[in-house]
Amino acid sequence: MTETVLRTGAEKRKFNIDMRALSPFIALIALAIAGALINPDFLTASNLLNVVTRSAFIAIIAVGATFVIAGGGLDLSVGSMAALTAGVMILTLNSLGAGDMGTLALGMLAAIALSAACGLANGLIVTFGRIEPFIVTLGTMGIYRSLVIWLAAGGTITMRNFELRELYRPVYFGSVFGIPVPIIAFLVVAAIGALILYRTSFGRHVVALGSNEDVARYSGVPIWRVRTLTYIIQGICVGIAVLVYVPRLGSATPTTGLLWELQAITAVVIGGTALKGGVGRIWGTVVGAIILELVANIMVLSNFVSEFLVGAVQGAIIIIAMLLQRSVHRGR
Amino acid sequence: MDSVLRAENISKSFGPNEVLSGISIDLKPGEVHAVIGENGAGKSTLMRILSGHIAPSKGNLHFQGQPITFSGPVDAENHGIVLVHQEILLAPDLTVAQNLFLGREIKRFGFVDDRTMRERTRGILAELGTRIDPDIEVRRLSIADRQLVQIARALLVPHKLVAFDEPTAVLTPIEAESLFAIIRKLREHGVAVLYISHRLNEVKAIADRVTVLRDGRHITTRDMEGLEPLEMARLMVGRDMSKLYPDKPATASDQVILTVSDMAVPDYVENASFTLKRGEILGFGGLIGAGRTELFEAIVGLRSGHGTVTLDGKSVHFRDAREAMAAGIVYLSEDRKGKGLLLQQNLRVNLSLAALDKFTRGSFIDVGAEEKALDGAIKDFDIRTRARDLLAGQLSGGNQQKLLLAKMMLLNPRIIIIDEPTRGVDIGTKEQIYRFIAGLAENGLSVIVISSEMQELIGLCHRVVVMRNGRIAGEVPQADLSEDSIVYLATGVHEERAAEIAAGHA
């Protein structure tokens with residue numbers, strides 16, 4: 001009995017899994033067509049490159065979030081962590097004072113080290129404190145955010161060295177063979193992320209942990225290490241996003257990175273990664289981040305909805321994406 | 001007498017696949033009717049049709065002589081047909097009384113009337129011969145008591161037919177005896193009982209008639225009188241089953257490979273000591289909750305405990321399963337679905353998970369090698385799967401167990417600890433698993449079998465250690481292996497006495 005029932009189930013499931021992996025790409029194409037119909041300026045190379053460039057920060061952070069979420073965790077602190085990292089990086093550059101390449105490299109190193117340390121803190125508290133990641137990262141979100149406000153004394157932390165600013169500028173505004181540097185950065189991060197998640201035993205362990213922690217433990221998976229590492233990867237991704245973000249404005253403020261956690265999680269969910277863990281889709285995440293920025297862009301180009309409502313639309317998208325996932329899941 | 005429920009030529013298809021064809025069965029008042037068959041024979045489908053959960057594709061149901069179509073389980077329940085589910089479906093944080101009346105609370109002036117519900121709960125539980133406190137939260141009850149609460153909940157509605165789906169799967173022999181007493185009482189009151197099980201001894205003990213299903217077909221319906229378990233097994237499987245257990249390999253040596261002394265697991269086990277020899281199959285018997293699983297989980301580092309574990313003369317301490325595996329000890333959990341396999345992942349991912357290091361070249365997983373290992377496992381362990389990309393959760397219980405075995409054997413262990421190796425496994429697969437275990441011992445490996453099925457321990461093991469209440473109660477050597485010797489150590493009383501205690505004659 002079970003056998004025959006399963007046979008039909010298997011065929012259906014195969015189709016549905018494909019749908020699930022494909023749906024963000026289909027949504028992307030549909031949005032692109034809609035954009036082209038609304039405003040002829042939409043489908044120009046400069047507009048599209050601009051959209052993808054702007055999505056780079058969220059995409060890079062969301063690649064890290066894909067690891068955390070696929071492993072059954074959650075990190076709400078990424079936006080605050082980005083602000084703190086940007087602030088500390090600029091303060092480091094300012095205190096070093098010089099305007100040469102070495103200074104810049106040191107500042108970048110400090111940024112990555114700090115964000116990795118923030119991720120490590122999240123990971124250790126979740127793992128060894130055995131506290132819900134939602135609560136832990138809600139707490140560190142507050143801590144990181146107020147640290148940056150304190151460092152900025154409520155104001156703005158700005159890069160003072162003009163030479164250094166010029167030197168750093170191309171990391172956001174430059175391009176290689178016509179492709180903006182942020183896009184290259186995010187493609188590289190996504191490619192490395194995909195390689196780690198899909199091809200290494202660590203990646204396999206992340207998925208196993210997110211699927212069923214007990215099974216992972218009984219199978220000899222070093223769950224403490226794997227879980228902590230996912231948060232460190234998240235931290236490093238935040239650091240890389242900050243490296244690309246700082247030259248854009250050359251400053252960090254108490255509102256830097258506000259609601260980035262919402263956007264990153266939205267991108268991951270739109271991309272087809274299961275919020276309960278056990279499934280991770282890096283390329284879906286990338287597409288999800290682009291979709292978010294595309295929606296904002298279309299809203300600006302059209303006049304249907306006020307652009308002040310971008311946040312509302314993005315919030316609605318995450319809910320709709322979850323509903324769609326649920327119905328695909330039920331269809332099994 | 002008129003039957004309570006009669007099914008005539010029932011067939012059920014899912015899509016193009018017929019899973020039941022032409023089944024007829026009639027359930028008479030005051031009769032216990034058992035339905036037996038291997039996993040996948042169609043038992044549960046038949047029961048779900050009879051209890052209104054699904055509608056048959058062909059054929060008719062007659063309720064007390066009248067043709068009837070149930071619109072759903074609630075409709076069937078309104079006609080007095082109730083089903084006692086195999087899984088415990090209770091809200092753990094609510095009290096017994098609250099669970100009993102969940103969804104059908106007694107109200108007074110629009111508010112729930114706790115006092116009346118409590119009294120009625122007390123009454124119905126007393127009728128079942130138990131003294132569970134109606135105010136206790138369900139999560140504080142033992143599995144057996146939870147099952148009783150579930151039965152009480154089913155019997156709360158006026159009933160003419162009660163269907164039990166594998167009710168003794170989680171019960172100890174004494175608890176099973178009291179369940180049988182309840183069933184006998186139902187029978188005396190003229191209720192029709194449908195009893196689904198694959199434990200043939202208890203079917204023999206409780207049923208008046210038995211219907212055998214195989215591959216969705218009706219093989220026979222016979223009176224219990226004169227039908228022996230061996231014959232039932234033959235009817236179920238369709239071939240001779242007299243040789244369920246392989247010969248015990250004569251490889252057990254005197255070379256002690258593992259010594260455990262004074263092992264303690266807080267709340268579960270106190271100073272447990274035993275030895276394991278090379279090439280030996282060592283059984284661990286006892287009632288559910290005796291601490292067997294906890295003892296071995298502590299030994300392999302899955303649970304904290306203290307004591308001395310000596311492997312090959314060297315003292316070892318494992319902090320997690322990984323270290324135990326590295327030392328050549330694997331533990332296969334009794335909870336296959338919760339702790340053994342990733343049900344939402346495919347067979348390949350499951351197979352290689354524990355031994356993933358063997359499949360990595362440089363930093364990357366070699367999927368080709370994984371696929372090859374899967375081919376090997378499917379062949380060596382006879383894993384029956386229609387498609388290679390199936391999820392582990394879609395395999396039958398027996399095939400899941402084979403996959404779990406294959407997964408752990410990839411680690412090349414020297415000591416294999418198998419907890420309840422054949423729980424939820426059909427009889428054909430059982431035989432294969434027994435042969436496999438014997439084969440391991442023949443090759444000089446040592447196997448520990450933890451089992452609540454006494455026949456299994458007797459048929460398979462060289463020696464059986466029995467636990468009771470977290471302590472090792474004793475050891476039965478091969479020459480003395482019998483159900484009575486094990487039951488005596490497990491319960492402190494002899495088997496006939498156990499039945500008497502359960503019946504309340506003690």
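How many helices and strands does the secondary structure of chain B come to? In this predicted model, chain B has 18 helices and 24 strands.

Chain A comes next. Here the secondary structure consists of 15 helices and 4 strands. A compact globule of 332 residues would have a radius of gyration near 20 Å, and the 21 Å of chain A agrees with this. The box filled by the C-alpha atoms of chain A is roughly 75 × 55 × 35 Å along the principal axes.

Helix α5 of chain A runs through residues 101-129, and at 1.5 Å a residue its 29 residues should span 42 Å. The end C-alpha atoms of this helix lie 41 Å apart, in agreement with that expectation. After α5(A) comes A:Arg130, with a positive phi near 50°.

How helices sit against one another is the next topic. Two packed helices are described by the angle between their axes and the distance between the axes. Consider helix α3 (residues 56-70) and helix α9 (residues 181-199) of chain A, whose axes come within 9 Å and cross at roughly 10°. Because of this angle, α3(A) is roughly parallel to α9(A). On the α3(A) side, the contact involves A:Ala56, A:Ala59, A:Ile60, A:Val63, A:Thr66 and A:Phe67. Their partners in α9(A) include A:Pro182, A:Ile183, A:Phe186, A:Val189 and A:Leu197. By class, this contact has 12 nonpolar and 2 polar residues, with no charged ones.

A second pair in chain A is arranged at another angle. The axes of helix α10 (residues 201-211) and helix α12 (residues 223-249) of chain A come within 10 Å and cross at roughly 100°, which means that α10(A) is roughly perpendicular to α12(A). From α10(A), the residues A:Phe202, A:His205, A:Val206 and A:Leu209 meet A:Ile223, A:Val226, A:Arg227, A:Leu229 and A:Thr230 of α12(A). The residues of this contact comprise 6 nonpolar, 2 polar and 1 charged.

Definitions and conventions:
Residues numbered from 1 in each chain as written. Chains lettered and ligands numbered in written order. Predicted model: local features only at pLDDT ≥ 70, side-chain atom pairs only at ≥ 80, totals over all residues. Axes fitted to C-alpha atoms, helices over the stretch in contact; angles between N-to-C directions. Helix = DSSP H or I, 4+ residues; strand = E, 2+ residues; numbered from the N terminus. Parallel < 35°, antiparallel > 145°, perpendicular 65-115°, else oblique. Contact = placed C-beta atoms within 7 Å. Nonpolar A, V, L, I, M, F, W, Y, C, P; charged D, E, K, R; others polar. Expected span 1.5 Å × (residues − 1). Rg over C-alpha atoms; globule rule 2.2 N^0.38 Å.
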